[in-house]
Amino acid sequence: MRTLNLGILAHVDAGKTSLTERLLFTAGVIDEIGSVDDGSTQTDSLALERRRGITIKSAVVSFVIGDVTVNLIDTPGHPDFIAEVERVLSVLDGAVLVVSAVEGVQAQTRVLMRTLQRLRIPTLVFVNKIDRSGAQDERTLRGIAEKLTPSIVSMGSARDLGTRDAAFTPYPADDTAFTARLAELLAERDDALLAAYVEDETALPYDRLRAALAAQTRRALVHPVFFGSAITSAGVDALIAGVRELLPADEGDADGPVSGTVFKVERGPAGEKVAYVRMFSGTVRTRDRLRFRQDGAEKVTAISVFDRGSAVRSASVGAGRIGKLWGLGDVRIGDPIGLPGTAASQRHFAPPTLETVVVPCRPADRGALHAALTQLAEQDPLINLRQDDVRQEISVSLYGEVQKEVIQATLADEYGIDVTFRETTTICVERPAGTGAAAEIMGKDANPFLATVGLRVEPAPIGAGVAFRLEVELGSMPFSFVKVVEETVHETLRQGLHGWQVIDCTVTMTHSGYAPRQSHAHATFDKSMSSTGADFRNLTPLVVMSALRRAGTTVCEPMHRFHLDIPADTFGAVLPLLTRLRAVPRAPVPRGTSCLLEGDIPAASVHELEIRLPGLTRGEGVLDCVFDHYQPVRGSIPARPRSGPDPLDRDAYLLRVMRRVTRRTEDA
């Protein structure tokens with residue numbers, strides 16, 4: 001049987017979870033449709049999701065359409081949880097983007113569609129809520145074409161909009177107006193079809209047009225649009241038929257090399273890790289041993305696969321399927337299973353640009369808070385848990401204020417820890433301003449470690465990340481020591497000269513040296529005479545920061561690309577606000593009674609713009625913001641408190657490291 005991994009995506013409150021319930025009901029998986037308002041849906045299982053009526057964590061359910069098993073993944077709709085959405089996108093074969101027929105295209109709808117297009121994920125559009133008062137079909141179609149993509153085709157007509165009798169009727173094969181629109185759209189991307197269309201536009205057989213539509217949809221070139229209502233079931237049968245016909249389902253190569261990706265990690269009832277895995281090829285079986293990164297292999301102790309609405313125990317999970325794996329204690333989100341996956345499984349997404357300090361209401365909960373946040377970071381690595389040992393503070397990274405509320409409620413409900421938050425601040429980064437080099441030679445310059453390390457730090461192109469290279473012979477010392485230096489370089493660069501993470505640089509190892517394993521005559525190995533990994537781990541931060549100090553760094557703040565759709569007569573009120581918030585708008589684009597504005601705005605200013613915009617635009621302004629780039633900070637340079645031993649203060653760093661080594665020796 002073929003498998004289709006299908007994502008349901010939408011702006012919050014467009015009816016995404018209600019559509020999931022309707023699809024499960026229509027497929028016979030559930031006997032009664034749950035309600036988002038009542039907290040009785042299949043996919044919103046968290047207590048907080050049920051209370052707030054929003055999806056926070058992605059959830060997987062399964063149903064069958066003919067010869068296709070559909071693994072349906074319900075995703076969050078709020079922009080604060082975009083990381084959860086993007087992790088899901090890495091495992092999808094296709095998607096349904098839900099748009100409200102009342103509100104039309106909204107801010108998060110644009111963000112989602114741009115992401116789907118960038119990742120070339122085949123996508124159908126479902127215009128929901130045609131039974132609601134104020135529903136519009138033609139206006140919504142125009143909005144989709146203008147704000148999302150012009151490459152759309154409506155697959156039928158809606159009638160009696162705004163009433164309980166609203167319905168959707170697919171266009172028949174003999175509807176000449178529909179076939180003409182379809183042929184014109186498809187011919188733009190198919191030369192053979194274009195030639196036939198030019199020769200005789202009425203001679204193209206309908207079967208050929210449907211085949212071309214399926215082919216171009218599966219290549220994410222065109223996007224069929226369906227109308228309906230998840231509440232009344234109008235149009236849902238047509239959508240299900242479209243999912244089966246137009247989106248790419250595949251059997252996969254179960255006998256090929258094992259390749260998959262971990263896209264979600266959660267904790268089971270007993271506190272055990274459960275990894276959600278999408279398999280691209282091959283088969284993972286119970287008792288198989290899987291290796292992640294450089295760590296040792298771990299044994300799969302149990303497997304569940306999704307079948308007709310729930311996860312059922314299985315001896316294996318094969319290509320194309322989604323499974324839950326137990327026994328992988330060190331697994332992390334994003335880990336590959338077996339061979340590296342497709343480009344889809346290695347996607348990167350925008351980092352969070354905000355952070356806050358989490359403060360326990362009861363000081364005695366400090367240790368429990370760190371343990372709880374560590375578990376939450378397993379489920380969402382971009383929380384980026386950070387502890388300041390000097391100030392005894394714990395910081396987390398955020399996408400927005402709603403995410404802060406969710407963390408607070410989760411800590412209270414699941415861990416019994418009440419917390420407050422400090423004021424949210426912006427996460428900056430540092431880039432090398434020039435080239436700097438430094439070296440510490442074993443036995444010289446007060447180097448207390450049995451190691452020689454020389455490094456050169458230099459700028460790299462924007463977006464290049466951090467690259468580590470060798471300018472020494474690979475055999476000049478054991479490879480394990482080279483790996484320790486490389487890992488420590490990456491770790492050290494998490495805090496640059498001003499405390500921010502250093503990005504876009506190349507670090508080259510220019511000097512190396514070590515003391516071979518040796519001992520006194522007729523004695524066993526003596527680590528006081530021989531280099532160990534700890535020597536390189538403790539020395540490398542000093543060299544990195546010394547080289548970085550000579551190179552200098554530029555602190556950069558995150559910038560968002562904004563899209564504003566406002567009433568034209570409010571432009572004069574909005575422009576001064578944008579100027580005060582340090583936004584850089586481009587030329588406005590008039591569109592009827594509306595005005596479209598695009599430009600860049602500092603991430604630190606986005607929240608105030610969101611708050612002030614409704615009052616300046618009579619509640620009609622629509623704002624869409626997404627991280628775009630970093631730019632150098634103007635004015636005073638913000639500094640971030642450092643956590644852990646500070647290699648910029650050589651004496652204090654060495655004193656702290658030596659105390660730590662002494663304690664470990666005494667404990668041993």
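Biologist: What makes R422 and E393 a salt bridge?

Modeller: In this predicted model, their side chains meet at 2.9 Å, N to O. The cut-off is within 4 Å, so the pair counts as a salt bridge. R422 sits in the loop between strand 23 and strand 24, while E393 is in strand 22, so the pair ties together parts 29 residues apart in sequence.

Biologist: Why is E393 called buried?

Modeller: Buried means under 20% relative accessible area, and E393 has 17%, so buried is the word for E393. R422 comes out at 41%, so R422 is partly exposed.

Biologist: And what about R561 and D600, how do you know that they form a salt bridge?

Modeller: Their closest N and O atoms are 2.8 Å apart, and the limit is within 4 Å. R561 lies in strand 31 and D600 in strand 34, so the bridge ties together parts 39 residues apart in sequence.

Biologist: Why does D569 count as exposed?

Modeller: Exposed means over 50%, and D569 has 58% relative accessibility, so D569 qualifies. Its salt-bridge partner R618, at 3.2 Å, N to O, counts as exposed too, at 51%.

Biologist: Which residues of helix 14 meet helix 15?

Modeller: A573, V574, L577, L578 and R580 do, against E608, L609, R612, L613 and L616 in helix 15. That contact divides into seven nonpolar, no polar and three charged residues.

Technical notes
Residues are numbered from 1 along each chain as its sequence is written. This is a predicted model: local features need pLDDT of at least 70, side-chain atom pairs count only at pLDDT 80 or more; totals for chains, interfaces and linings use all residues. Side-chain values use heavy atoms; hydrogens and water are left out. Contact means heavy atoms within 4.5 Å. Helices (H or I, at least four residues) and strands (E, at least two) are DSSP runs, numbered from the N terminus. Ala, Val, Leu, Ile, Met, Phe, Trp, Tyr, Cys and Pro count as nonpolar, Asp, Glu, Lys and Arg as charged, and the others, Gly among them, as polar. Buried means under 20% relative accessible area, exposed over 50%, partly exposed in between (1.4 Å probe, protein chains only).
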